[in-house]
Amino acid sequence: MDIAQLIAGRASSDIVTCDVDVPMREALAVLATRRIGALPVMRHGEVAGIFSERDVVYCLGQEGEASLSKPLGEVMTAPAITVEPGTSVDEALGLMTRRRIRHLPVIQNGQMCGFISIGDLVKAQVDAIATEAEAMRTYIQSA
(Lines give C-alpha, C1' and ligand atoms only; values in the text may rest on other atoms or scores of the structure.)
Protein backbone atom coordinates (compact mmCIF):
# COMPACT_ATOMS: atom_id res chain seq x y z
CA MET A 1 0.00 0.00 0.00
CA ASP A 2 1.22 3.50 -0.74
CA ILE A 3 0.47 6.91 0.75
CA ALA A 4 -1.84 7.83 -2.15
CA GLN A 5 -4.16 4.98 -1.19
CA LEU A 6 -4.00 6.05 2.44
CA ILE A 7 -5.02 9.66 1.77
CA ALA A 8 -7.54 8.89 -0.98
CA GLY A 9 -10.80 10.58 -0.14
CA ARG A 10 -9.23 13.14 2.15
CA ALA A 11 -9.48 16.72 0.96
CA SER A 12 -6.24 18.68 1.17
CA SER A 13 -8.38 21.67 2.14
CA ASP A 14 -9.19 19.85 5.41
CA ILE A 15 -5.55 20.00 6.54
CA VAL A 16 -5.14 22.39 9.45
CA THR A 17 -2.13 24.66 8.91
CA CYS A 18 -0.64 27.86 10.32
CA ASP A 19 1.53 30.55 8.76
CA VAL A 20 5.15 31.10 9.84
CA ASP A 21 4.20 34.49 11.30
CA VAL A 22 1.54 33.15 13.69
CA PRO A 23 2.63 33.42 17.34
CA MET A 24 3.18 30.11 19.14
CA ARG A 25 0.40 31.00 21.59
CA GLU A 26 -2.16 31.07 18.73
CA ALA A 27 -0.86 27.82 17.25
CA LEU A 28 -1.18 26.16 20.66
CA ALA A 29 -4.82 27.19 20.74
CA VAL A 30 -5.30 25.52 17.34
CA LEU A 31 -3.66 22.30 18.56
CA ALA A 32 -5.81 22.30 21.70
CA THR A 33 -9.08 23.20 19.96
CA ARG A 34 -8.61 20.63 17.20
CA ARG A 35 -7.12 18.04 19.59
CA ILE A 36 -4.19 17.41 17.26
CA GLY A 37 -0.49 16.98 17.96
CA ALA A 38 1.08 18.82 15.05
CA LEU A 39 0.43 21.01 12.07
CA PRO A 40 2.29 22.03 8.94
CA VAL A 41 3.67 25.56 8.99
CA MET A 42 3.27 27.38 5.69
CA ARG A 43 5.25 30.14 3.98
CA HIS A 44 3.86 31.50 0.70
CA GLY A 45 1.77 28.35 0.12
CA GLU A 46 4.62 25.90 0.73
CA VAL A 47 5.45 23.78 3.76
CA ALA A 48 8.23 25.52 5.70
CA GLY A 49 8.24 23.24 8.72
CA ILE A 50 6.20 21.34 11.28
CA PHE A 51 5.02 22.65 14.63
CA SER A 52 4.34 19.94 17.19
CA GLU A 53 3.82 19.35 20.88
CA ARG A 54 7.51 18.50 21.07
CA ASP A 55 8.44 21.99 19.82
CA VAL A 56 6.30 23.49 22.57
CA VAL A 57 8.08 21.48 25.25
CA TYR A 58 11.54 22.39 23.93
CA CYS A 59 10.74 26.10 23.71
CA LEU A 60 9.09 26.36 27.09
CA GLY A 61 11.91 24.37 28.65
CA GLN A 62 14.60 26.61 27.17
CA GLU A 63 13.00 30.05 27.16
CA GLY A 64 9.94 29.83 29.36
CA GLU A 65 6.74 31.75 28.84
CA ALA A 66 8.42 34.38 26.64
CA SER A 67 8.60 31.81 23.83
CA LEU A 68 4.80 31.86 23.53
CA SER A 69 5.02 35.19 21.69
CA LYS A 70 7.55 33.96 19.14
CA PRO A 71 6.38 33.35 15.56
CA LEU A 72 6.18 29.73 14.45
CA GLY A 73 8.94 30.37 11.94
CA GLU A 74 11.34 30.65 14.90
CA VAL A 75 10.13 27.66 16.92
CA MET A 76 9.05 25.05 14.34
CA THR A 77 11.05 22.03 13.26
CA ALA A 78 12.49 22.84 9.85
CA PRO A 79 12.93 21.90 7.14
CA ALA A 80 9.94 19.58 7.05
CA ILE A 81 10.65 15.99 6.16
CA THR A 82 8.13 15.04 3.49
CA VAL A 83 6.96 12.10 1.39
CA GLU A 84 5.30 11.77 -1.99
CA PRO A 85 2.00 9.97 -2.67
CA GLY A 86 3.89 7.06 -4.27
CA THR A 87 5.89 6.36 -1.11
CA SER A 88 4.99 3.02 0.43
CA VAL A 89 3.58 2.82 3.94
CA ASP A 90 6.62 0.72 4.93
CA GLU A 91 9.03 3.36 3.59
CA ALA A 92 7.18 6.14 5.42
CA LEU A 93 7.21 4.18 8.68
CA GLY A 94 10.94 3.53 8.28
CA LEU A 95 11.56 7.23 7.67
CA MET A 96 9.56 8.20 10.73
CA THR A 97 11.43 5.67 12.86
CA ARG A 98 14.87 6.75 11.65
CA ARG A 99 14.14 10.46 12.00
CA ARG A 100 12.11 10.09 15.22
CA ILE A 101 9.15 12.03 13.90
CA ARG A 102 5.42 11.39 14.03
CA HIS A 103 4.00 13.49 11.18
CA LEU A 104 4.74 13.84 7.47
CA PRO A 105 3.40 16.28 4.91
CA VAL A 106 2.61 14.58 1.60
CA ILE A 107 3.91 16.69 -1.29
CA GLN A 108 3.01 16.36 -4.97
CA ASN A 109 4.27 18.80 -7.60
CA GLY A 110 5.46 21.16 -4.89
CA GLN A 111 2.05 21.34 -3.17
CA MET A 112 0.89 19.67 0.02
CA CYS A 113 -1.84 17.15 -0.77
CA GLY A 114 -1.93 15.35 2.57
CA PHE A 115 -0.65 15.21 6.13
CA ILE A 116 -0.20 11.83 7.78
CA SER A 117 0.65 10.64 11.24
CA ILE A 118 2.38 7.53 12.46
CA GLY A 119 -1.04 6.44 13.72
CA ASP A 120 -2.41 6.55 10.16
CA LEU A 121 0.42 4.31 8.98
CA VAL A 122 0.17 1.82 11.84
CA LYS A 123 -3.59 1.54 11.31
CA ALA A 124 -3.04 0.86 7.60
CA GLN A 125 -0.60 -1.93 8.42
CA VAL A 126 -2.87 -3.47 11.07
CA ASP A 127 -5.80 -3.40 8.63
CA ALA A 128 -3.67 -5.07 5.93
CA ILE A 129 -2.55 -7.80 8.34
CA ALA A 130 -6.14 -8.40 9.47
CA THR A 131 -7.30 -8.70 5.85
CA GLU A 132 -4.50 -11.13 5.06
CA ALA A 133 -5.25 -13.22 8.16
CA GLU A 134 -8.94 -13.41 7.22
CA ALA A 135 -8.03 -14.49 3.69
CA MET A 136 -5.79 -17.24 5.11
CA ARG A 137 -8.56 -18.43 7.48
CA THR A 138 -11.01 -18.57 4.59
CA TYR A 139 -8.52 -20.48 2.44
CA ILE A 140 -7.75 -23.00 5.20
CA GLN A 141 -11.45 -23.56 5.97
CA SER A 142 -12.25 -24.16 2.31
CA ALA A 143 -9.47 -26.72 1.82
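This report looks at the strands, nonpolar cores and cysteines of a predicted model.

Start with strand β1, which covers residues 18-19. β1 pairs with β2 in the parallel sense, over two bridges. Within this pairing, aspartate 19 stands opposite methionine 42 of β2.

β2 also pairs with β3. Here the sense is antiparallel, and there are six bridges. β2 and β3 form a hairpin, with two residues between the strands. Histidine 44 sits in the turn and has a positive phi of about 55°.

## Cover over the strands

How many of the six residues of β2 are buried? The count is five, so β2 is mostly covered, with buried meaning under 20% relative accessible area.

Now look at serine 52, in strand β3. Its relative accessibility is 11%, so serine 52 counts as buried. Leaving aside neighbours within four places in sequence, serine 52 is in contact with Gly37 and Ala38.

## The largest nonpolar core

The largest nonpolar core has 17 residues. Those with the most contacts inside this core are Cys18, Met24, Leu39, Val41, Phe51, Leu72 and Val75. Several elements each supply at least two of the core residues: α2 (24-34), β2 (38-43), β3 (46-52), α3 (53-63) and α4 (72-75). Which of them gives the largest share? That is α2, with three residues.

Cysteine 18 is one of the residues with the most contacts inside the largest core. Which residues does cysteine 18 touch, not counting those up to four places away in sequence? They are Ala27, Val30, Leu39, Pro40, Val41, Met42 and Leu72. With a relative accessible area of 9%, cysteine 18 is buried. Cysteine 59 has 8% relative accessibility, so cysteine 59 counts as buried too.

How many disulfides does a search of the whole structure find? It finds zero. For cysteine 18, the nearest cysteine sulfur is that of cysteine 59, 14 Å away. A disulfide needs two cysteine sulfur atoms within 2.5 Å, so cysteine 18 is in no disulfide. Cysteine 59 is in no disulfide either, and its nearest cysteine sulfur is that of cysteine 18.

Methods:
Residues numbered from 1 in each chain as written. Predicted model: local features only at pLDDT ≥ 70, side-chain atom pairs only at ≥ 80, totals over all residues. Heavy atoms only, no water. Core = buried A, V, L, I, M, F, W, Y, C linked by side-chain atoms within 4.5 Å. Buried < 20%, exposed > 50% of the residue type's maximum accessible area, 1.4 Å probe, protein only. Helix = DSSP H or I, 4+ residues; strand = E, 2+ residues; numbered from the N terminus. Contact = heavy atoms within 4.5 Å. Pairing = 2+ DSSP bridges.
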